[in-house]
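Reader: I would like to learn how to read a model like this one. Please take the features in turn, with the general idea before the case.

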Amino acid sequence: MTNVTMTINGRSVSGTVEGRTLLSTFIRETAGATGTHVGCDTAQCGACTVHVNGASVKSCNMFALEAEGAEVTTIEGMANADGTLGTIQQAFQDHHGLQCGFCTPGMVMTAAALLKDNPTPTEGEVREYLTGNLCRCTGYHNIVKAIMAASGQDVSSIAAE
Amino acid sequence: MPADGGIGAPMKRREDVRFLTGTGRYTDDLNRPGQAYVYFLRSSVAHGKINSVNTEAAGGMPGVVRIFTGADFEGVGSIPCGWQVTDKHGQPMQEPAHPVLAQGKVRHVGDPIAAVVAETLAQARDAAEAIEADIEDLPAVVDMKKALEDGAPKVHDDLTSNLCYDWGFVEENKGAVDEAFAKAAHVTTLELKNQRLVANPMEPRVAIGDFDMADGNSTLYTTSQNPHVIRLLMGAFVLGIPEHKLRVVAPDVGGGFGTKIFHYAEEAFCTFAAKQLRRPVKWTSSRSEAFMSDAHGRDHVTKIELALDADNNFTALRTETYANMGAYLSTFAPSVPTWLHGTLMAGNYKTPLIYVNVKAVFTNTVPVDAYRGAGRPEATYQLERVVDKAARELGVDPIALRRQNFITQFPYATPVAVEYDTGDYEATMAKLEEIADLSGFEARLAESKKNGKLRGLGVNCYIEACGIAPSNLVGQLGARAGLYESATVRVNATGGLVVMTGSHSHGQGHETAFPQVIAEMIGIDPSMVEIVHGDTANTPMGMGTYGSRSLAVGGSAMVRATEKIINKAKKIAAHLLEASEGDIELKDGAFSVAGTDKSVAWGDVTLAAYVPHNYPLEDIEPGLEETAFYDPSNFTYPSGAYCCEVEVDPETGKVTIERFAAADDFGNVVNPMIVEGQVHGGIAQGVGQALLEGCVYDEDGQLLTGSYMDYAMPRADDLPFYSVDHSCQTPCTHNPLGVKGCGEAGAIGSPPAVVNAVVDALQRAGKTDITHIDMPLSPSRVWAAMNQ
């Protein structure tokens, strides 16, 4: 067992972990930030996506010890300072980009990483960037639309009905 | 009426805020004080005799609390099946026992052999590796037809064979159907597979058993679509816990798609073990475990024949299906290929004579049960494929052939025992032609050709029977449960309402849509209404959410309860206004006396109900809380027409969905935004089945698609933006909201559209000998068909 300390959403969190303890387990169980979800065990579904030192990673694919001293941001850290929904979160609500909500934290974290690198992505670029995140509810239509809307693009011409 | 929050408003979902901020409460987010963790050791072989399970070494490993095996469940009940099908000879289906942990034999890869309870999950997993299970390999049966051959290995030694039932529907019509085929001018025959799928809600299943020594009550927290059903099945049939001593909680649930309807062994185990050990026991499925323990879907092998007269009228339909049950009967498995499938075979067409034969078969595979659509996608797929094939054989336009045979008069009694109340199939087809821009196809075809791609167009119709279901009818058909729904509406003194519904939301947005209905009825803002669901301790006995039933059945119960509330509130208002009850009108959140300016606000009436100082106590009780149970008198029948345009790369066989359009008739619509989202998701699952997904076993019963590395889920770049429309509305005539249900339509309507489109593309390219390719239409399958 080894001690590990990292900053999660601005709060310093320490814990004793095994070498095999995953970052996703540390975030959920030690830090109690249960917004990060685990939907698979092969790093395919992306529900556990968080940002580590500004980079988007699947937290089930990284050991907690590898995040020693890191700055970690999870879905709980994505709202505005006054508690209102951040731009991407708000766009997901406005455009019905979620249903059961289980993949949603990973989708929002991935979308944030995309828009940081590519502030006005095309539909094709959004779809390509989302291939590491599975959603079983929405058919992706409204997720893609929400991300394009969050980037400030006019999505009113996208078929909705 | 509220300006922006009543029926028909695309209200943003209130539940989104918690899901978007990481504050949802899914089952795995819950932890009970002092909880232990369970890990199931599962069979790695498809069929084997358990000679011994030695847990001695494992039991001494760090953190191990106790190891359970099948022997610990000798006195415990079998996981029950909720539907008994009667075969064509009038005999009940063969119904094997399903122990919580395997006893004597293992029958599929993933069958649980032992359960290790330990202080941590890692310790439980480590100890499971030290269990010595001596399992003698037995030959496995995987292929359904081989499983029915004489001398085939038997999945259950105490049954006479691997045949669960041989069902004929309608058996009395068989002779007339055969006669019609003998007289037909043309017969189109198609053999096809509706492949096995894995539902794959993104949240894996979780169960936490808890036992309270203070009152002797058990609680199960579980990822379920129907907590009351689990309480009834597990309490009464497996563990012998009366319902008043058992609480089942299904909090936020991350998608269901059918596979979270059923009562699973892991739920019973955790509840049982918690009581034995006097401490909470938690199980969280990994995705790999989900692939081998969640009930799968579909898995039909079918031969369908369509008879037509010389004028291309459908005269008869005959089908023979083999339906895989897997190794045990899951909760509703027997009903899926029979009553949820055979009754749909008329589709949108006035075919006068229909005969459906289904042989349900046990194999050494994971149990198969309802998956989004459940029987209705299987019916729609074969019917719409054979109609398309018939059009090609006859050289007629597939849309025209469909139109010619449409049912046009309603109500319409089909030859397969259901009566469609309303519909307008011509309207949805016309709408589809418009939104799919069918007139522009030739130009798009030319463009594809210029780019070296083959383009195809596929159109189909669908009908669904949902809003499940009239209890007296399903009781006659073998259901061991009623299928009503319930709601309690509690009005608080200050006017806010809490609706406790027996429906369960796991993505459908009940917390937003249900208040819209009440807002409309009372004329208040929907924010005054709170929805409570998912906990047997605080909701009336309900049957849960599946079969597109929440609004049609659960919403109707809520309407009935709210009507009772309004009726009582009118009595109170009449007293306060010193008027006759018959003169009281409710509008915009106020009660008024007709023809006068006298009125009293909603909140004043509700306050009077709880502070009854000036109150008609001699006539009515104080308080304002009502419960209603609603049992529908018929199924609801959504319908529609779908269109898919594909491009096929002739070099690789890769199919790309270029356009997808859906014109649905759901009757009245409460929240169009939510309805569209449901259709989008259904289409993606249907396209996933058509192009990507397929659960594969090898001949020894090894599961080859055991993770997302092997099972191809649809991803964002596999799909286009869809064009969906629900403006054709023929309201349901027998529920108070006139709604039909929209949850399954997309998954039912889309697979045939995709396959019809690919066959069309290949035919246009001169490959006229290709009349069918089995799903999933992977590049290798399409390429092989083109190059055979």
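Author: Two residues are in contact if their C-beta atoms, placed from the backbone, lie within 7 Å. In chain B, 81% of the contacts with a separation of 6 or more are between residues 24 or more positions apart. This is a predicted model, in which local features need pLDDT of at least 70 and side-chain atom pairs count only at pLDDT 80 or more, while totals for chains, interfaces and linings use all residues. Residues are numbered from 1 along each chain as its sequence is written, and chains are lettered from A and ligands numbered from 1 in the order in which they are written.

Reader: What radius of gyration does chain B have?

Author: The radius of gyration is taken over C-alpha atoms, and the globule rule is 2.2 Å times the number of residues to the power 0.38. For 788 residues a compact globule would come near 28 Å, and chain B agrees with that at 27 Å. Along the principal axes, its C-alpha atoms fill a box of roughly 85 × 70 × 55 Å.

Reader: Which share of the residues in chain B is buried?

Author: A residue is buried if 20 or more other C-beta atoms lie within 10 Å of its own, exposed if 12 or fewer, and partly exposed in between, with C-beta atoms placed from the backbone. Buried residues are 59% of the 788 in chain B.

Reader: How do I read a nonpolar core?

Author: In soluble globular proteins, nonpolar side chains tend to be buried together. A nonpolar core is a set of buried Ala, Val, Leu, Ile, Met, Phe, Trp, Tyr and Cys residues joined through C-beta atoms within 7 Å. The largest one here has 300 residues, and B:Val38, B:Val116 and B:Val758 have the most contacts inside it. Helix H15 of chain B supplies the largest share of this core, twelve residues. Leaving out residues up to four places away in sequence, B:Val758 touches B:Gly456, B:Val646, B:Val648, B:Val655, B:Ile773, B:Leu777 and B:Val782.

Reader: How many helices and strands does chain B have?

Author: Helices (H or I, at least four residues) and strands (E, at least two) are DSSP runs, numbered from the N terminus. Chain B has 19 helices and 28 strands.

Reader: What is the strand order in the four-stranded open sheet?

Author: Two strands pair if DSSP finds at least two bridges between them. The order is S21-S20-S19-S25 in chain B, with mixed pairing. S21 (529-532) and S25 (625-630) stand at the edges with a single partner strand each, so one side of each has no neighbour in the sheet. For angles, axes are lines fitted to C-alpha atoms, for helices over the stretch in contact, and angles run from 0 to 180 degrees between N-to-C directions. Neighbouring strands of this sheet are turned by 20° against each other on average, direction ignored. S19 (485-491) and S20 (497-501) of chain B run antiparallel and are joined by five bridges; B:Val491 has B:Leu497 in S20(B) as its bridge partner. Helix H15 (550-577) of chain B packs on the sheet, where it touches S19, S20 and S25 and makes about 35° with the direction of S19(B).

Reader: What else does H15(B) lie across?

Author: H15(B) also lies across S22, S23 and S24 of chain B, at about 120° to S22(B). These three strands form an open antiparallel sheet in the order S22-S23-S24. Its edge strands, S22 (584-587) and S24 (599-601), each pair on one side only. S23 (590-593) and S24(B) are joined by three bridges, and B:Phe591 stands opposite B:Val600.

Reader: How many residues of chain B are in contact with chain A?

Author: In chain B, 49 residues are in contact with 48 residues of chain A. H17(B) gives the most to that side of chain B, with eight residues. Nonpolar means Ala, Val, Leu, Ile, Met, Phe, Trp, Tyr, Cys and Pro, charged means Asp, Glu, Lys and Arg, and the others, Gly among them, are polar. That side of chain B has 22 nonpolar, 16 polar and eleven charged residues.

Reader: Why does B:Val253 count as buried?

Author: B:Val253 counts as buried because it has 28 C-beta neighbours inside 10 Å. B:Val253 is in the loop between S11 (246-249) and H7 (265-277) of chain B. Beyond four places in sequence, its contacts include A:Cys100 and B:His506.
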